[in-house]
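Open the model in your viewer and keep the sequence panel beside it. This tour moves from one selection to the next and says what is there.

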Amino acid sequence: MMDFIESLKKHKYLSLGALALLTLLASFPSIFFYKSMYLDDMGRFDLALNNKVHPQIIERNFLRAYIMYFGYELLTIKLLLARLYIAFFMVLSSYIWYRILVRELKAPRGFSFLAAIIPNLLPNITMIPSFLDGSYTVPGQVVSYLVVLTGIHYLKNHKVSFLILTSMLYLASLEMMDQA
């Protein structure tokens, strides 16, 4: 294990590859084995076939509606593609969190790697990414990690532009995760 952590220090892209691999392996059954759509996904599939965005979701979650709409469009092509779309956001969130911990907070790489991957390895999250509509918080998680990153840059540089960007991203993350 120590050799693996040491190799993370030497190779930039090895950490990204390992995070992606573990995320995909943890979600492997959800992505590749479940052959049916769950709960509201069939309704979203129907809306995508008719090139419509869910009207109630637009009213309360404008960004979420359009980010998830692309996933619903992928449902009309192939179920696997839609689930990989969510898995992409899972990998991206793990990588951003890893980089924040290592570069900005100077946390040890082994700890950072585990902290970045654990949210995707938790037991009983089998409905993410298999239930596309129920995975709507995953893109919002990416934005919330960007809030942390831009907030750290604001605290380091005291530039108003970082404060404004942090505030806008914070509002976007609240809206995307249905917290607003």
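**Stop 1: the lining of the largest cavity**

This is a predicted model. Begin inside it. The residues that line the largest cavity divide into eight nonpolar, one polar and three charged. Select them by name: Arg44, Leu47, Ala48, Lys52, Val53, His54, Ile57, Arg64, Ala65, Met68, Tyr69 and Tyr72.

The most comes from α6, which gives five residues.

**Stop 2: the whole chain**

Zoom out and switch to cartoon. The chain has 11 helices and zero strands. Read along the sequence, the pattern is α-α-α-α-α-α-α-α-α-α-α. Now colour by accessibility. Of the 180 residues, 43% count as buried.

Take the contacts between residues at least 6 apart in sequence. Of these, 71% join residues at least 24 apart.

**Stop 3**

Select residues 79–104, which form helix α7. Helix α7 has 26 residues. From its first C-alpha to its last, α7 reaches 37 Å, close to the 38 Å expected at 1.5 Å a residue.

Step past the end of α7. Lysine 106 follows this helix. Lysine 106 lies in the loop between α7 and α8 (109–121). Check its backbone: the phi of lysine 106 is positive, about 55°, although this residue is not a glycine. Is lysine 106 buried or exposed? Its relative accessible area is 63%, so lysine 106 is exposed.

**Stop 4: the salt bridge**

Go back to the end of α7 and select glutamate 104 together with lysine 156. These two form a salt bridge. Draw a distance between their closest N and O atoms: 2.7 Å. The pair links distant parts of the chain, with glutamate 104 in helix α7 and lysine 156 in helix α10 (residues 137–157).

Colour both partners by accessibility. Glutamate 104 has 16% relative accessibility, so it counts as buried, the cut-off being under 20%. Lysine 156 stands at 47% and therefore counts as partly exposed.

**Stop 5: from α10 into α11**

Move along to histidine 158. Histidine 158 sits in the loop between α10 and α11. Here too, look at the backbone. Histidine 158 has a positive phi of about 55° and is not a glycine. With 58% relative accessibility, histidine 158 counts as exposed.

**Stop 6: helix α11**

Select residues 160–176, helix α11. This helix has 17 residues. Its span from first C-alpha to last is 24 Å, close to the 24 Å expected at 1.5 Å a residue.

Which residues of α11 are buried? Select Thr166, Leu169, Ala172, Ser173, Glu175 and Met176. An α-helix has 3.6 residues a turn, so residues three or four places apart point the same way. Keep that in mind while you look down the axis. The buried residues of α11 pack against α5 (55–60), α6 and α10.

Centre on serine 173, which is found in α11. At 4% relative accessibility, serine 173 counts as buried. What is serine 173 in contact with, leaving aside its neighbours within four places in sequence? Select Gly140, Val143, Ser144 and Val147 to show those contacts.

Now pick isoleucine 164, also found in helix α11. Isoleucine 164 has 48% relative accessibility, so it counts as partly exposed. Isoleucine 164 and glycine 151 are 9.7 Å apart in space and 13 residues apart in sequence.

**Last stop: after α11**

Finish at aspartate 178. This residue follows α11 and its phi is positive, near 60°.

How values were computed
Residues are numbered from 1 along each chain as its sequence is written. This is a predicted model: local features need pLDDT of at least 70, side-chain atom pairs count only at pLDDT 80 or more; totals for chains, interfaces and linings use all residues. Side-chain values use heavy atoms; hydrogens and water are left out. On a 1 Å grid over the protein atoms alone, a cavity is a set of points where a 1.4 Å probe fits but cannot get out, and a pocket is an open set with protein on both sides within 12 Å along at least five of seven lines; lining residues have an atom within 4 Å of a point. Helices (H or I, at least four residues) and strands (E, at least two) are DSSP runs, numbered from the N terminus. Ala, Val, Leu, Ile, Met, Phe, Trp, Tyr, Cys and Pro count as nonpolar, Asp, Glu, Lys and Arg as charged, and the others, Gly among them, as polar. A salt bridge is a side-chain nitrogen of Lys or Arg within 4 Å of a carboxyl oxygen of Asp or Glu. Buried means under 20% relative accessible area, exposed over 50%, partly exposed in between (1.4 Å probe, protein chains only). The expected span of a helix is 1.5 Å times one less than its number of residues. Contact means heavy atoms within 4.5 Å.
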